[in-house]
Amino acid sequence: MVPGGNIVRRIIGRAMGRLRRLGRALQAELRTAVRRGPVRPGTVLYESFAGNGALCNPEALFRELLRAPDMKNLRHIWVLDTLHGHRAFQTEHAADPRVRFVRYRSLAYYRALATSQYLVNNATFPPEFSKRDGQVYLNTWHGTPLKQMGYDMPNGAMDSANTLRNFVAADYLLSQNTFMTQQMYEKAYKLRGIFDGLVVEEGYPRVDHQFLDQEQFLAGRADLEAAGVDLAGRDIVLYAPTWKGDSFSAPEDDARKLCETVQALQTLLGTERYVVLLKTHQAVHRFAASNPAYEKLLIPNDIPTNTVLGLSSLLVTDYSSIFFDFLATDRPIIFYTPDVDEYSEARGTYFSPAALPGPVCSTLEELGAAILETVAHPRPESPRADAYQAWRERFASHDDGLASQRVIDVVFRGARDKHRVLSLRDDPRTSVLLHLGGMRSNGITSSALNLLNSIDHAQYDVSVIFAQPRGTQQRTNQARIDPRVRQFHRIGGMNGSKFAHLRRKLADLRRDPSFHADSPSQRTLWDDEWKRCFGNSRFDIVADFSGYSTFWAILMLHSPAGRRSIWLHNDMSAEANRIIRGRRRMRRTLPAVFALYRAFDSLVSVSPSLSELNRKALRTAFGLRDEQFTFARNLVDDGQVRDGMRVDLRELPDHPIDPETGDTIVPKWARDMLIDDRSAWFVSVGRFSSEKNQARLLRAFALVHLENPSARLVIVGYGPVRAALERIVDQLHLEGSAFIVGPYSNPFPIVAAADCFVLSSNYEGQPMALLEAAIVGLPIVSVDFDSVRDALPGDEIHVVPQDDESLAEGMRSFLRGEVIPSSLDVVSYNRSAIEEFQAATGGVRMIKRALTE
């Protein structure tokens, strides 16, 4: 009996959950409503670090626009994380009717985000952001990178998902120097060929603050004194480290350690000539600022960082991009990196410590000595003087105090011809976008990964899209994507009103194939979602490689250009009637996908016979054309199979773990497979689901086992009918002889240890398991289905009718030595499969066209 208190808590919990869902729904409706408003000419929205202050490049551009005589008509909106803080900045502009403030992610924020003509951000707008027609988006970013960025980082594709989404939506990307353009934008974020805007390589506006005349210099020091910093006429040594994220347990711990470092350094230097001040990363500042003990050493957020750089005599940093800004001052830089080995391994940097334009120290004592040595022997006499000048020329040559004016010339005045404005769009390769599906471990995912590994990346610029992976399987498979591939992770949800989404879902139910395009409101809904996911990106080829979802199929159809294809991985008519957990769960959803087929240029099955089967089943019922139907066989990853085979079966990481000792528990069936006792082991690999019909395999094996008690069967996989298969093993008294096992991320040692592969499916597309079994070199027995005879290039599969006795007889044929081992010429097969992919998607024609232009 559940205690009364628990019942009350559950009731309250459910009620709160409903209230939260209602609140989210209301927010979505309000966001939709404000997006209906017109874009307001002459309105500029500024956001820095999600509203953490009026900071960085947006702040510098804002002040320059306020000063410009020809920009007096502009109206300025600043995003702040709270309207109760940042008082100095708000007070400064309170009397200016052109300037107002909105709270981050408030309704006023979303209204301003949806209706401002100009959008200026130094980081990223949130996932719900989708730029509208008539808006101009300038992303300034916040520094030339020393630490690795984007896809160069460990797990970079996932961590950079929202950044990439913002970049491709931008009309302008601001670059401090050529290195930033090439290394960060072009390479680390893979923007070459996909970014449709322009890169403005004219230095950083924020660096303009560093060029101070005597009056400004004295005023800046006075501002620090007024904020509680005790300068007492001393020179400033500024310590400005980066934020190391997950390497610290919490930002407050980071703040405490940094302040302790400053205090220790101040002790080493003494208090007469130098004052050591701390500029923290935005992620740490509020924790440091909340401690009164740090007030006298902490740089306030309301004073621009680059103004403080202009006031500082020397900079101490680690991996922060701030030192690139400081190069423009021609003053010394010292690097304090006590964790350099750990950081390089966890994150990585683009330059080694030895290459940096200043001494590199690993202890506070070394740092204190380096500061005193640098002051005693000014940089022109330093061994690193030549390096410093080379760095200054390479990275700060555009930082001359006038960058803000040049950027405004380009973005607000349209004077592109006068300045360094670059396009990254030029790429002779054919651009391809593939939707990969749910990224679970199945045949579709394996086929997609193999295609990405095998496609010629010198001819194709490949992008993929899928929902941001959350589960272990999805993350594991995402990590296997070829690093040359650009990954769009769909984060956040589709914008639009609940009524619009209800109409969308009703159109699916009534299988209306054109409602998404014919209804103006629905067309806007889907076009907005395309822009939310891909910004201004355009692709030559767009393909729904999964082919099971109306959402993804429709989204692919809203690509602004390109040849559109959708994959048919199975006998799709049979799939619509497949029973999943006792119900035909795709009986409504798949026909809605079929109704969309007529809008695609090609319907790609995974074998010639499967293409003919799908043509006969679907052409007339859904008004399709013969020329739409084509095929491209699945590719296979020979290296993955052969490398996987070499793993010791006893050492597979998916074996159970002893909770007390942490040791791997090797199942008895796995140990027995390695014993040479003349037992014949049959193996089957596939999802535990009704269409795979492993129940038939178990019944057939039971007949064989009666005559050959030493025969064994292992079925590897996962899925909804596992419990039912285990019951059949018990009912047929096959315990100890037939085993239902898995999931195994690497099943190939199991397959390699077996003697014969068996497939018992009711229907299939082109089973990846058969291709992989052929690479292993196993004899193969399969029941007959429409696409089995061209599942492999040769005729080595021993095909039998779809009944228990016939399958049992096929297994007996193996035991009699009548089924020959299979084989696969992987190189020849994959070459043909790639040619089929090119023909099916139109890639061949596009490549030939590019070569002749």
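Author: Happy to. Let us begin with Arg 642, which is partly exposed because its relative accessible area is 32%; buried means under 20%, exposed over 50%, and partly exposed in between (1.4 Å probe, protein chains only). Its partner in a salt bridge is Asp 638, with 2.8 Å from N to O. By salt bridge I mean a side-chain nitrogen of Lys or Arg within 4 Å of a carboxyl oxygen of Asp or Glu. Asp 638 also counts as partly exposed, because its relative accessibility is 24%. Both residues sit in helix α26, 4 residues apart, which is about one turn of the helix. Helices (H or I, at least four residues) and strands (E, at least two) are DSSP runs, numbered from the N terminus.

A word on the model itself. It is predicted, so local features need pLDDT of at least 70 and side-chain atom pairs count only at pLDDT 80 or more, while totals for chains, interfaces and linings use all residues. Residues are numbered from 1 along each chain as its sequence is written, and side-chain values use heavy atoms, with hydrogens and water left out.

Arg 486 and Asp 461 meet through their side chains in a salt bridge of 3.2 Å, N to O. Arg 486 belongs to strand β16 (residues 486-490) and Asp 461 to strand β15 (residues 460-467), so the pair ties together parts that are 25 residues apart in sequence. Arg 486 is buried, because its relative accessible area is 3%. Asp 461 is buried as well, with a value of 4%.

Glu 201 forms a salt bridge with Arg 420, and their closest N and O atoms are 2.4 Å apart. Since Glu 201 lies in strand β7 (residues 198-201) and Arg 420 in the loop between α16 (403-411) and β13 (421-422), this pair ties together parts that are 219 residues apart in sequence.

Glu 707, Glu 805, Glu 809, Arg 812, Arg 816 and Glu 818 are connected in a network of them. For the whole picture, the structure holds 43 salt bridges, including the pairs Arg 642 with Asp 638 and Glu 201 with Arg 420.
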